[in-house]
Structure formats: C-alpha cells, structure tokens
Amino acid sequence: MTARPRLTVVGTGYLGATHAVCMAELGYDVLGLDVDTAKVEALAAGTVPFFEPGLPELLRKNLDSGRLRFTTSYEQVGAFGDVHFVCVGTPQKKGENAADLRYVDAAVASLAPHLRPGALVVGKSTVPAGTAARLASELSLTAPEAELAWNPEFLREGFAVEDTLRPDRLVFGVRSVRAEALLRAAYEPVIDLPTPVVVTDFATAELVKVAANAFLATKISFINAMAEVCEVTGGDVTKLSEALSYDDRIGGRFLHAGLGFGGGCLPKDIRAFMARAGELGVDQALTFLREVDAINLRRRARMVDLAREELNGSFHGSRVAVLGAAFKPNSDDTRDSPALDVAAALHRQGATVTVYDPAAMANARRLRPELAYADSTLHAARDADLVLHLTEWQEFRQLDPAVLGSVVAHRRVLDGRNALDPQRWRDAGWTYRALGRP
Ligand code: UDX
C-alpha cells in the first residue's frame, strides 16, 4: 500500500464528478469512469455537465495539474486504482417505492474482474441496508483478493464542493483493520482538518445515510404540518418556526416552511427506506415516513388551491408566471421539483403557465415540454394575472415589486417559499399570500 493511495471514481454524475474533482484537489491522483462517453468527453474537456457553483473552476485546475483524468475503460480503472469509489445512482424504481440497484450491481460486477489484489471497493451510493453485505459476497467470488467498504456521502447540491472538502463527518463501514487504514489514507487531508470519523459495520453505514435524510425530511414536514394548522388558526408559521429555532434542542435549520422538499434524494430515499423496512418486517417502525411524504405532497396541492382562489375559482383564460423550476436554489436539478410539479398542475387545469428559472431551464424544458418558458422574470411575468414564487433564488428575493408590478396584469403574488418580504410587496400594491401565514 502506498502512503497516498491512487483513487478511482466509478460513475461521474452529480456525486461522482464532485468526488473525483475534490479528491484531486486534495492532492490525490484520480481516474474517473463513466459508461456515458459524452459525459466523460465533457469532463475531460473541462466542462461540468450540471450546475454546481465552484466545481467548473476546480475541474479545470485539476485537469491542468494532471492529477485528474477520465475514462470509459474498466480495465484502466482496475489497473490504476488502490481505492475505487462507486458513485453511481440508485433511483426510485418505476411504479414502486424501492430503490433500483441495477447501476450499483453493474458497476461492482464490471469492476471486479479488473481489480488488483488488495484493492478496496468503496460504495458511496445510497443503498438499502443489506446491499453492502450482498455485494461483498459477490465480490469475494470474482475478486477474492479485493475487499469492500461502505462510505456514505452526505453532500448537498449547491454546496457539493464545500461538503466534500470539509464534510461534517466521515462514516466508514468496514470489515477489516486494513480496509479502515486504506480509507483513512484516502481521506487523510480531510481527517486532519479535523473531521470526526465514525467506524462501523456495513449495515450501520448504510443506515446512517437514509436515517439522516429521513430525519431532515421529517423536520421539513413537521414545520409544514404546523403551517397547515396555522392556516386554519390564523397563526404565522414563519414566526412559529423562528420561536422554535431559539431552542437549541430543536434548532432552526430545515425548519423553513413552504412548498416542501424535492430533488433527487430526500423523496426517493424516504420511500426506499420504507420499502426496505417492509421487506425486513419492520414496516411499522417507518410508517410515520408515509405521513412525512403525504404532508410534503399536500403542500403542492395547497399551492394549487391558493392559486385557484386568487383567480376566483378557475384557471381558464388566466396567465400565471412561475418563478423557479429547480427543486431548490443554486441548482439546475428539476428531479421531483415541487415548483415544476405545481406549474404542471396549473397547466393541466387550464392556466397559461410561463416559467423562468436562473439555471434549470434546459432540464425543465426536457421534463415539462408542455409549459411555456421565458428568459427572464420580467418576460415571464408580462401580463400575468398571478405570480407564483416557487424556488427561492437570491435573484427572486431581491426583485423590486414596483418594477415587476409595472409589467403584470394583476399585482397578485403567492410566495411558496416564505422568502419575500410581505410588507414590501404589499406597500407596492400587491396582494401577497403565502403558505402557513395569514
Ligand atoms: C439532501 C441532503 O441534505 C444531503 O445531505 C443528502 O446527501 C442528499 O439530499 P439535497 O437534495 O441537495 O441534499 O437538498 P437539501 O438542501 O437537503 O434540500 C432538500 C429539499 O428540502 C429542497 O427541496 C429544499 O427546498 C427543501 N427544504 C429544505 C425545505 O423545504 N425547507 C427547509 O427548511 C430546508
């Protein structure tokens, strides 16, 4: 074993590309692999195929340094690496709650015949408990001298570089002292920051990730449930949330009420977690996550109802401007985006919907070709009867309500993210309504 192991990253999507670039930035020699030639060519040419602040600069810097390269060849990856990070996706199965493991299975199976003796395969993908143990026994048949470890990833889109270079914690699911030592060597600069390391078994390592996401989703749905109660009592959920946040035991993060969570992780991870609990015979332990999911989806329905109320009971013949398409700001990701979901629902019910997002236009167009798109807030809002603020980009928070008011047909705004200043908008002659507020 070298002091600085050589690293490979299998799967260069969101997680893998970020991981490969950041590990090179930390000084490791890294070879990234993807089966998608277009992705590999783009990355090798210095282009990040998705929106992530700070990543393009680091990609180019580390390509130039020669520490980072990309390939489509498993043979090259096997020959190159001491530690192989598996970063492929685990999407939700079509029509089911469970996770689709075909990409993880394929990655490990393709890697196995090329591994050098002593190589460590490290799963980073979010998987159902029990997957690592199964993969380890499969690996032991084709590559008996290689070993498996599980090392879940907690990065957030929009903060992916920061989260990878300076994570809150590292979790190592290992079965040997050697595997732990190799992982420690692969993360040495991060561990030296210092960063806490939790060393554990496979099942716990797999569970840490889904438990963290289940907790975060629960926190968001908790405050959104309080928003539902505020709506019938005349309370203000933003004040409620602020008051709760001063209790250190509760804390204010992920306690922001609004249109709820979306994206490529939280929704599918809580569903896969429930599905796995069902298979293991402990579905009762997680039935509360069904409620968490339901509360979350009810916020989208409530937004549509509010919009209908504002338009006097019908969407027909009305123009609606939707600000935001990404599932959250600082991302171009539209997977399970609450904003796009609401926009599509309004369109289905007869509204003419025009969407603008600072970064997610291409993905939104692909996912929802039936909607109209504009290249700026002002263009989207021209002659609108109603403006919906659904993803809280800084650019929308800073909008001048007077300027926007000069292009719309009616000054009506619904704030799906509780991120605009109600007084400012009302002073400029707007009807301002939001989720969970009077
Ligand atoms: C999440 C986890 O945070 C991360 O640790 C994990 O690795 C992947 O899943 P991400 O999907 O990038 O990361 O998004 P995150 O920042 O967690 O936001 C998730 C969703 O919750 C967004 O739609 C966001 O708008 C929403 N949200 C977040 C709220 O509605 N209220 C909040 O208070 C916080």
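## Strands β9 and β12

Strand β9 (residues 319-323) and strand β12 (residues 386-389) run parallel and are joined by 4 bridges. Leu 323 sits opposite His 389 in β12. Strands here are DSSP runs of E with at least two residues, helices are runs of H or I with at least four, and both are numbered from the N terminus. Two strands pair if DSSP finds at least two bridges between them.

This is a predicted model: local features need pLDDT of at least 70, side-chain atom pairs count only at pLDDT 80 or more, and totals for chains, interfaces and linings use all residues. Residues are numbered from 1 along each chain as its sequence is written.

## The open sheet

β9 and β12 belong to an open sheet of 6 strands. The order is β11-β10-β9-β12-β13-β14, with parallel pairing. β11 (372-373) and β14 (431-434) stand at the edges with a single partner strand each, so one side of each has no neighbour in the sheet.

## Helices on the sheet

Helix α13 (residues 287-310) lies across β9, β12, β13 (412-415) and β14. It runs at about 165 degrees to β13. Helix α14 (residues 338-348) packs on the sheet and touches β9, β10 (352-356) and β12. The direction of α14 makes about 160 degrees with that of β10.

Axes are lines fitted to C-alpha atoms, for helices over the stretch in contact, and angles run from 0 to 180 degrees between N-to-C directions. Contact between two residues means that their C-beta atoms, placed from the backbone, lie within 7 Å.

## Three domains

The chain divides into domain 1 (7-200), domain 2 (210-293) and domain 3 (298-434). These bounds come from an automatic or database domain assignment. The centres of domain 1 and domain 2, taken over C-alpha atoms, are 29 Å apart. Between these two domains, 11 residues of domain 1 are in contact with 10 residues of domain 2.

## Around the ligand

The ligand is surrounded by 19 residues. Glu 157, His 256, Phe 261, Gly 263 and Cys 265 are the closest. A residue is near a molecule if its C-beta atom, placed from the backbone, lies within 6 Å of it. Helix α10 (residues 202-233) gives the most to this shell, with 3 residues.

Domain 1 and domain 2 both give residues to the shell, so the ligand lies between them.

## Strand β1

Strand β1 (residues 7-10) is joined by 4 bridges to strand β2 (residues 30-33), and the two run parallel. Thr 8 stands opposite Leu 31 in β2.
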